[in-house]
Amino acid sequence: MKTQPEAMQITRRRFLTGAAALGGVSLLGSLWPRSALAEAISQALPQFVALRQAQKGILTGAHWGAFEAIVRDGKMVETRPVQDDPFPNELISMAPHQVHAPNRVKYPMVRKSWLEGGAQNCRPELRGCDEWVRVSWDKALTLVSNEIRRLQQEHGPQSIHAGSYGWKSVGMLHNSRTLLQRLMNLAGGFLGYAGDYSTGAAQVIMSHVVGSMEVYEQQTAWPDLLENCQLVVLWGCNPMITLKNSWNIPDHVGPAGFEALKKKGVRVISIDPVKSDSTDYLNAEWVAPRPYTDSAMLVGIAHTLMAEKLHNPDFLKTYTVGFDKFAAYLNGEQDGVVKDADWAAAICGVEADALRQLARDMAKSRTMIMGGWGIQRQHHGEQPHWLLVTVAAMLGQVGLPGGGFGFSYHYSSGGSPTARGGILAGISAGDAPKNSPTPIPVARIAECLANPGKTIDFNGAKVTYPDVKMVYVAGGNTFHQHQDTNALIKAWQHPETIVVNEPYWTATAKYADIVLPATTSYERNDLEMGGDYSQLYVFPMHQCVPPQHESRNDFDIFAGLAAKLGVQEAFTEGKDEMQWLKGMYDDMKAQARNARVALPPFDMFWASNNYIRFPVPEENKKWVRFADFRENPLLNPLGTPSGKIEIYSEAVAKMGYTDCPGLPGWLPPHEWYQGPEASKYPLSLNTAHPINRLHSQLDNTPLRKKYAVADREAVWIHPQDAKARGISDGELVRAFNDRGQILVGAVVTERVRPGVVRISEGAWFDPADPRQEGSLCKNGNVNCLTFDIGSSSLAQGNCGQMAQLEIEKYQGPILNNTAHAVPAGA
Ligand code: PGD
């Protein structure tokens, strides 16, 4: 952890002294005198100006935290986290490398064959290996807008996939995804997506089981948890890593909460095939099931709770429906198989006695089950979360202080108490035209491109794939996010035109036809909330350096396209960057005023180079999820058909899906250690989110040195498995299955269960020979190995967290890693 730079401490002290001298202006623990009236605040202007001068850096922020950027001679050279950050994140130090990366896209570029042959004769098979030709911005915008116009006229909005999924950068105005959709809505509509890669399976099933997506809900507040919780069960989550970054600018209250939990000595059990950093940090007990068998393990625990009468029949009767059917399933009334701890142990590889003890410990303590999302990024991924809710309901602690379940403690600091103030609304995508096509499930993109006209099931409905002729990506990295990269490459050849707005030469950019250079967030002005759940801060994101090379802000790129398509006025609403920001700020300020929190005028706020921290009401620190439902289920019903927790869902049952029936349970996955593929590919893959980057972001920075082994993504292998294959620590290894092959560097460690290998997602795809099908990826992109089927007919979530594979010592020719190199002609 970084210590606070002295200059900032002095600055803050100086500011606090000055503000107090204003007389009677309460700071409420904030940098802003929020309880004062606007007049009083305006008197403080000299203080803010002085503050700005005293600070050396420019205040901005990222998914990794708010920070001051130090700029010298037009170059960002250093960063310092803001003083309020309780858990500063090392990733902040990579911002200068993001701006000045050698693999920035410098100019608008067009793939040679596309430029020469046009969209319909563009030799799509050369994507990824063609030459690039530099063009002017005007030419690039003309080419793209002409294609949009032609496709709208000839094939309609369903021919343009502009959903563009991805984590982009923070910022309420320069939101590349929304800006793309705003343009496309004005230009006639587009094919979008439903769901996301993070929680595809859980968010659909949870809506049926508890009446909300649950995965993005506020959690029982940390202060309550710290006071009341006796046992935390981390079920497949690694919060000390995943809480480093947030969707908005993080408040980092989550990691501070876990630190406090550790200091208090609360018992933590981590259930994970890998001994995670959080397991170590929290001194947690490690229980390592076989991969993809969590559902069986939960069923065995549920059986023990029932058999030993540790469950809570009153809670089940009052607050749930369908337990009788689940009890019959546990007892094997239909299939004759009693699903007790012994049955579960044989599948999940955790001893039956350990399962029984776990059930007893959970029942005797006030227990919070914190469920991660990797367990649902699997085939039949709906089941684990459904079963976690079922076990929590059997324990009867849902809605009690410190107890129940929470599916967002590991994400964006769920449980950071909600502040009182205002919320920034970002720029809107606008209204979709009436003839807009039905969105496809987000992770079915490759299947959709390859199979126009095919119809699939999706949450009780049918979706027919249109014939997509253009894909437009802005703020995402399809080639890293999507499963089965080699199948994606084939599907990617179907569209006539692929356009990508990107700051860097990612694989997605390299496999496009037209690449438009986008600025990083440090090259533009913006605003962002701090704390996804707490809404604790409003951060200004000041432009630190000018746009690099010929890059443009996504806003300006789409405004340029809008001009060519005749919808510029509607797109910009006649406002420039600062006018948009002022409008957003003023709306937020009005909300804050209604909540009795006074804020300074925009100009003063912006000039101050400072941020707003809202007060947190005491009652929000004690907030307990589902407490109102528990208190009065009739007045505060859940959003399910019964108003209760649905252990059995009639709605799901009626859909008639064999891969997701109306009752949760154990369903063997598509690939696993007992499947037929295991004789050829005996190792089970575990793909976690990386420790030192965000998905694929920052893979092109020096932080890579911290995790790359033999200059590739690392593979963690158990000593037994390494020995059996003659692999030593630090050696280059080929990991492979029928779908693909990747080069990875061996880390021989007992932190994985035997039979399991861990490879993090997000290494940039780098085929040794892009002309050859299934070519070896030299950087270790794990999605070359994963399979591309939906989690089930219900949710169609992705299965990126699983695959059977084999590994061997690499003995081929020396291959240089070119994942972060610029392509020929660029
Ligand atoms: P990122 O690396 O964040 O990954 O997939 P996602 O596509 O979100 O990609 C964002 C891209 O946006 C980067 O290339 C970045 O340079 C670009 N970008 C950033 N800022 C801007 C901007 O201002 N403008 C423009 N135009 N571009 C910008 C993540 C996805 O991967 C997710 S969310 C999950 S949860 C899944 N996780 C896994 C997994 O665990 N395992 C596997 N095997 N696969 C996964 N895929 C999914």
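Glu573 counts as partly exposed at 42% relative accessibility, where buried means under 20% relative accessible area, exposed over 50% and partly exposed in between (1.4 Å probe, protein chains only). This residue lies in the loop between α24 (568-572) and α25 (577-594); helices (H or I, at least four residues) and strands (E, at least two) are DSSP runs, numbered from the N terminus. Although Glu573 is not a glycine, its phi is positive, at about 55 degrees. Most residues other than glycine have a negative phi. Ser413 is likewise not a glycine and has a positive phi, of about 60 degrees. Ser413 is found in the loop between β13 and β14 (440-441) and is buried, with a relative accessible area of 1%.

## Basis of the model

This is a predicted model, in which local features need pLDDT of at least 70 and side-chain atom pairs count only at pLDDT 80 or more, while totals for chains, interfaces and linings use all residues. Residues are numbered from 1 along each chain as its sequence is written, and side-chain values use heavy atoms, with hydrogens and water left out.

## The largest pocket

Rolling a probe the size of a water molecule over the atoms shows where empty space is left. The analysis uses a 1 Å grid over the protein atoms alone: a cavity is a set of points where a 1.4 Å probe fits but cannot get out, whereas a pocket is an open set with protein on both sides within 12 Å along at least five of seven lines. Lining residues have an atom within 4 Å of a point. Grid points are joined across faces, edges and corners, and a volume is the space filled by probe spheres set on the points.

The largest pocket has a volume of about 560 Å³. Its lining comprises 26 residues, of which Lys168, Asn175, Arg177, Tyr193 and Trp247 lie nearest the centre. The elements giving two or more residues to this lining are α7 (176-186) and β20 (526-530). By class, the lining residues divide into 12 nonpolar, nine polar and five charged; Ala, Val, Leu, Ile, Met, Phe, Trp, Tyr, Cys and Pro count as nonpolar, Asp, Glu, Lys and Arg as charged, and the others, Gly among them, as polar.

## The sheet containing β20

Strand β20 also belongs to an open sheet of three strands, in the order β20-β21-β22, with antiparallel pairing. The edge strands are β20 and β22 (612-613), each of which pairs on one side only. Two strands pair if DSSP finds at least two bridges between them. Five bridges join β20 to β21 (residues 537-541), and these two strands run antiparallel. The bridge partner of Glu528 is Phe539, in β21.

## Salt bridges

Side chains of opposite charge can pair when their charged atoms come close. The structure holds 47 salt bridges, each defined as a side-chain nitrogen of Lys or Arg within 4 Å of a carboxyl oxygen of Asp or Glu. One of them joins the side chains of Arg267 and Glu285 (2.7 Å, N to O). Arg267 lies in strand β9 (residues 267-271) and Glu285 in strand β10 (residues 285-287), so this pair ties together parts that are 18 residues apart in sequence. Both partners are partly exposed, Arg267 at 29% relative accessibility and Glu285 at 36%.

A further salt bridge is formed by the side chains of Arg739 and Glu671 (2.8 Å, N to O). Arg739 lies in the loop between β26 (732-737) and β27 (740-748) and Glu671 in the loop between α29 (650-655) and β24 (683-686), so the pair ties together parts that are 68 residues apart in sequence. Arg739 is buried, at 18% relative accessibility, and Glu671 is buried at 8%. Arg704 forms a salt bridge with Asp711, with the closest N and O atoms 2.9 Å apart. Here Arg704 is buried at 10% relative accessibility, whereas Asp711 is partly exposed at 38%. Salt bridges that share partners join Arg693, Asp699, Arg704, Asp711 and Glu713 into one network.

Helix α18 (residues 382-395) has 14 residues and reaches 21 Å from its first C-alpha to its last, close to the 20 Å expected at 1.5 Å a residue. The expected span is 1.5 Å times one less than the number of residues. Of the 14 residues of α18, 14 are buried, so the helix is largely enclosed by the rest of the structure.

Gly396 follows α18 and has a positive phi, near 75 degrees. Gly403 is found in the loop between α18 and β13 (404-406) and is buried, with a relative accessible area of 4%. The C-alpha atoms of Gly403 and Ala346 are separated by 30 Å, and the two residues are 57 residues apart along the chain.
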